[in-house]
Amino acid sequence: FFNKKEQRIFPRFVQLSIAATKEALADSNLKLEMKNPRVGCAIGVGIGCIGSITQTHKAFLNKGQKSVSPYFVPSVIANMAAGNTANYFKLHGPNICTTTACTSGTHAISDAWFYIKNNIADVMICGGSEAALCELTVSGFANMKALSKNNEKPREASRPFDKDRDGFVMSEGAGILILEEYEKARERGAKIYAELAGVGMSCDAHHITSPSPMGEGAQRCMTTALHSAFIDYQCIDYINAHGTSTRFNDFTESQAIREVFKSHADLLAVSSTKGATGHCLGAAGGIEAVFLAKTIAEQIAPPTTNLVNPDPECTLDYIPGSKREMEIRYGLSNSFGFGGTNGSLILKRYT
């Protein structure tokens with residue numbers, strides 16, 4: 001996919017971003033015009049290329065200054081996913097990177113939505129990318145007791161909403177969407193998976209890593225998204241939960257959903273695709289927005305993988321076992337990150 005020079009100068013999170021964008025563009029059948037200032041790029045990155053930083057630092061300590069590549073600084077800055085993606089595909093419109101921990105991809109999509117709504121762009125390539133797997137990050141998350149210790153059965157380690165869950169599983173990836181102004185998309189006969197109807201954002205302002213009690217910040221975030229979409233909470237049929245497989249997140253998110261959706265919560269289908277993908281950190285929101293778009297387009301809700309023993313404190317319908325064919329008019333995707341930052345997206349079925 002990349003030539004030798006590109007492999008050398010593009011860190012993995014940039015390669016993932018470009019590869020996912022290439023797939024998204026091919027699927028959209030969007031023909032990019034040269035130097036079009038109305039096509040932009042918003043890609044969220046949580047951590048960036050921390051592996052390159054640690055490797056370069058080791059080389060510097062062992063071999064000195066000349067061992068540091070001239071590409072080092074521009075390769076590890078988080079906005080280089082958006083910057084290099086824009087350069088690769090010659091996107092001359094808005095170019096931005098959101099770095100809001102595990103909400104980065106969701107916030108990038110929200111930013112893209114605002115640009116289009118405010119007539120700053122017609123098309124935005126948006127989502128998230130992350131490649132932060134290295135000894136340093138694994139050690140940091142492990143020492144804060146956030147990671148699963150189920151090393152004997154790694155495929156079963158990510159267990160959202162299961163009473164035997166013991167932490168998340170780090171993963172890498174990218175999820176990219178083509179967000180386009182509706183009339184222009186319809187005019188060119190684009191394949192439309194769903195409409196982005198509303199976005200929500202909030203801050204817990206409670207703790208750097210722990211969610212606020214009863215998911216109060218998440219409640220405000222989902223409520224804001226509903227208001228943004230001008231719909232009642234009873235319109236939502238499916239939620240792609242943040243569902244990290246950690247003790248605190250799964251419980252507080254479940255409580256937040258119950259508070260926002262009231263009696264309708266018992267009619268909702270909720271699942272966490274992190275049971276299958278692990279937690280891609282800053283890329284998670286982009287990947288899960290892709291899941292939600294496909295879920296709505298195909299009217300099939302994905303299951304929560306590895307949910308075998310439901311936690312009695314998590315009392316929603318989490319679609320255990322296998323996928324479910326169902327009517328989905330509106331779907332919601334949640335992302336919550338360290339620093340108390342929250343993001344929600346609402347997608348609507350295209351008819």
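Helices here are DSSP runs of H or I with at least four residues, strands are E runs of at least two, and both are numbered from the N terminus. This is a predicted model, where local features need pLDDT of at least 70, side-chain atom pairs count only at pLDDT 80 or more, and totals for chains, interfaces and linings use all residues. Residues are numbered from 1 along each chain as its sequence is written, and side-chain values use heavy atoms, with hydrogens and water left out.

Let's start with the sheet. Four strands make an open sheet in the order β2-β1-β3-β4, with mixed pairing (strands pair if DSSP finds at least two bridges between them). At the edges sit β2 (95-96) and β4 (173-180), each pairing on one side only. β1 (residues 39-44) runs parallel to β2 over two bridges, and alanine 42 has isoleucine 96 of β2 as its bridge partner.

Contact means heavy atoms within 4.5 Å; axes are lines fitted to C-alpha atoms, for helices over the stretch in contact, with angles from 0 to 180 degrees between N-to-C directions.

| Helix | Lies across | Angle |
|---|---|---|
| α2 (residues 12-28) | β1, β3 (123-130) and β4 | about 40 degrees to β4 |
| α5 (residues 80-89) | β1 and β2 | about 150 degrees to β1 |

Now the core. Phe13 and Leu91 have the most contacts inside the largest nonpolar core, which has 29 residues. At least two core residues come from each of α2, β1, α5 and β3, and α2 gives the most, with seven. Leaving aside neighbours within four places in sequence, phenylalanine 13 touches residues including Val45, Ile77, Met80 and Ala131. A nonpolar core is a set of buried (under 20% relative accessible area, 1.4 Å probe, protein chains only) Ala, Val, Leu, Ile, Met, Phe, Trp, Tyr and Cys residues joined through side-chain atoms within 4.5 Å.

Terms used: Buried means under 20% relative accessible area, exposed over 50%, partly exposed in between (1.4 Å probe, protein chains only).
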